[in-house]
Amino acid sequence: MDTINTFQPITDSTLLYIFAGIIVLALAGGACLTIIFRKNPNLMIEFRKTEFFYIITVFGIVLATVVLGLRGILDGKSISAILGGIVGYVLGSLRKHDSQQ
């Protein structure tokens, strides 16, 4: 039985659009946070208590994994291993966080 492989690696121009969109979203998010923190400076204290950099780091790793997977650089096994590791890390840290409270 022959299988048809319809997967085509993402083109350079599409990858450029993806990165441009990511940059626009990051700039818009930064602008929104700047406006919010200028109107309410006390919010910065609460914002620092949260695990903001933790969330951004996990998001960055997931995004890089997706882009490398779409580019054809990573295969399915590598992607599943990376995403599985991230899920285990996040769930493990949530359990640790709950036990500290």
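Select G72: this glycine follows helix 3 and has a positive phi, near 90 degrees. Helices here are DSSP runs of H or I with at least four residues, strands are runs of E with at least two, and both are numbered from the N terminus. The model is predicted: local features need pLDDT of at least 70, side-chain atom pairs count only at pLDDT 80 or more, and totals for chains, interfaces and linings use all residues. Residues are numbered from 1 along each chain as its sequence is written, and side-chain values use heavy atoms, with hydrogens and water left out.

Helix 3 has 20 residues and reaches 28 Å from its first C-alpha to its last, close to the 28 Å expected at 1.5 Å a residue; the expected span is 1.5 Å times one less than the number of residues. Now colour V58, T65, V67 and G69, the buried residues of helix 3. Buried means under 20% relative accessible area, exposed over 50%, and partly exposed in between (1.4 Å probe, protein chains only).

Next, select I61, also in helix 3. I61 is partly exposed, because its relative accessible area is 39%. Leaving aside neighbours within four places in sequence, I61 is in contact with I82 and I86, where contact means heavy atoms within 4.5 Å. From I61 to I82 the C-alpha distance is 8.6 Å, at a sequence separation of 21 residues.

Show side chains for the contact: D12, L15, I18, F19 and I22 of helix 1, and L63, V67 and R71 of helix 3. These residues divide into six nonpolar, no polar and two charged. Nonpolar covers Ala, Val, Leu, Ile, Met, Phe, Trp, Tyr, Cys and Pro; charged covers Asp, Glu, Lys and Arg; the others, Gly among them, are polar.

Finally, show the whole protein chain: four helices and zero strands. Of its 101 residues, 8% count as buried.
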